[in-house]
Amino acid sequence: MKNQLAGTGALLRLALRRDRVMMPVWTLVATLMVVSMPGSLGSVYATAAERARAAASMNANSSMRALYGPVFDDSLGALTAWRAGVYAAVLAAAMSLVIVVRHTREEEETGRQELLSAAMVGRRAPLTAALLAALVANACVALLVTGGLAGQGAPGAVALGLAVAATGMFFACTAAIAAQLTESARAAKGITAAVLGAAFVLKAAGDAGTGGGRSALTWASPLGWVENVRAFAAERWWVLLLFAAATAAQAAAAYALAGRRDLGMSFLPSRPGPAEGRLGTAGALAWRLQRGSVLGWSAGFLIAGVVFGGMADGAADLVGDNDRTREIIERMGGHGGQGAQGGVGAQGALTDAFLATMAGMFGMVAALYAVSSVLRLNGEESGGRAEPLLTNAVGRLRWAGGHLAVAFGGSALILLLAGLGLGLGHGREPGAAIGATLAQLPAVWLIGALAALLYGAVPQYAAAAWAVAGGALALGWVGPALNLPQAVLNLSPFAHLPRLPGAQALDPAPLLVLTALAVALTAAGLGTLRRRDMIA
């Protein structure tokens, strides 16, 4: 076994060096989401009586339980764990799956692992180094969360930090198994992301049906274990043993699979040709390569739209007379001041603000899809698959244009389905909800166009587009709750869009300006791609 781990230290140092920007960004985003909550919640619920009433209302509202889980105590620490614990765990899981797949299957897919294996590198060293890199990142999250919440109570801070990090390591091992099963890094990420999505759905369904985190569906999900640790509310330390056992079992399976396959091979190989249907154009090839991703995102957005649409009225009922909570939702939804008059009109305005907030969130998440789809170009080039294609009659612009058409068209499709789901879930005419989600397209396209420009001009830094999309998501989700200045919120292109549905008149000017900028950046990206050398 010792020889099979030879070179692990060198590979770990290489992984940490390659991820010296990505890891700190993910870590800080996950940490800030948690440590910023006590101050924000303290401004919303200033007294113990207000917190107690809010906790009772949240536990009585199935929509809020599905979204955030049950509240186990009315302290600021317990409310922080309720509001941000599961979502920080989701971020830690996403970070971990990216790290593990990047340093295992992606290295094999690009051929770099074959070069490294020619030296003194053991069979299981790459997998070990990848898992250790994920462990380092999750340990940093645990330490920062613990330190940031220590003032709310040391035991609760430790429990929440460990629960978030343990979730990250659980999905790191899930990604390690997926990397052995598939030949594609993209497929490995997709499988792990699907498991993460299923875990969230199980938790949401269990919490919606049964309070107190007692549902069997909640216990079937590792995200349900996070809430059942009960940080800041008589901690259940034994729940962390579930994480340890499940993570160890998955790691053992991943190591067993890694030892039974050849380098570059998988247990679920790609189906050999000939391919069915026509692949006569670059666009058809791009669609064939990305259709699985498009269909997966489409299904996820439609289902999420139905779920969040069904929560709209419940969210408005929960806010009640809490002016600070109403202000936050209205600020996120762009309806500030419209709900101040009270009565049915105010309730309707608040519901519209909630739907507008959800439409904006769908747009910001769709930007992640756009970046991923555009950067498929970079993966095709760096993996050596673009070069033989471009030596034929296919030009660079046609090749890149096919992938960009899938990226921008796919963004429109998933947002249309999200709007349809919102309308159906809320039980109203879906036209208004579809219009609200499609209004996010110019900002989504702008971020996708920036990714295209980075890829065309400086492909080695194309991954910086992820930071832009992530920054827009963080500003839109956390910024209003933290009462950040409008000048800071305006750094996101989504801040300039009209907030629909609602009474706000549709101003086409921001939509046209953002669309024009997206077209200009895309054209600049294609122009630089046409002139530069391809990656050797």
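Modeller: Quick ground rules: residues count from 1 along each chain as its sequence is written, and side-chain values use heavy atoms, with hydrogens and water left out. Since the model is predicted, local features need pLDDT of at least 70 and side-chain atom pairs count only at pLDDT 80 or more, while totals for chains, interfaces and linings use all residues.

Colleague: What makes α1 oblique to α9?

Modeller: The axes of α1 (residues 8-18) and α9 (residues 125-149) come within 8 Å and cross at roughly 50°. Angles under 35 degrees count as roughly parallel, over 145 as roughly antiparallel, 65 to 115 as roughly perpendicular and the rest as oblique. The crossing of roughly 50° therefore makes α1 oblique to α9.

Colleague: Which residues of α1 make the contact with α9?

Modeller: Thr8, Leu11, Leu12, Ala15 and Leu16 do, and on the α9 side the residues include Pro126, Leu132 and Val136. Contact here means heavy atoms within 4.5 Å. By class, there are 10 nonpolar, 2 polar and no charged residues. (Ala, Val, Leu, Ile, Met, Phe, Trp, Tyr, Cys and Pro count as nonpolar, Asp, Glu, Lys and Arg as charged, and the others, Gly among them, as polar.)

Colleague: Why are α22 and α25 described as roughly parallel?

Modeller: Helix α22 (residues 441-457) and helix α25 (residues 508-531) have axes that come within 8 Å and cross at roughly 15°. On the angle scale just given, that puts them in the under 35 degrees group, so α22 and α25 are roughly parallel to each other.

Colleague: Is the crossing of α22 and α25 left-handed or right-handed?

Modeller: Left-handed, meaning the near helix is turned anticlockwise from the far one by less than a right angle; clockwise would be right-handed. By contrast, α1 passes α9 in a right-handed crossing.

Colleague: How many cavities of 30 Å³ or more does the structure hold, and what makes a space a cavity?

Modeller: There are 3. On a 1 Å grid over the protein atoms alone, a cavity is a set of points where a 1.4 Å probe fits but cannot get out. The largest cavity holds about 130 Å³ of space.

Colleague: Which residues are the closest to the centre of the largest cavity?

Modeller: Of its 15 lining residues (those with an atom within 4 Å of a point), Pro70, Phe72, Ala81, Trp82 and Glu227 are the closest. Helix α6 gives the largest share of the lining, 5 residues. By class, the lining has 12 nonpolar, 1 polar and 2 charged residues.

Terms used: Axes fitted to C-alpha atoms, helices over the stretch in contact; angles between N-to-C directions. Helix = DSSP H or I, 4+ residues; strand = E, 2+ residues; numbered from the N terminus. 1 Å grid on protein atoms, 1.4 Å probe; cavity = no way out; pocket = protein on both sides within 12 Å on 5 of 7 lines; lining within 4 Å. Points joined across faces, edges and corners; volume = space filled by probe spheres on them.
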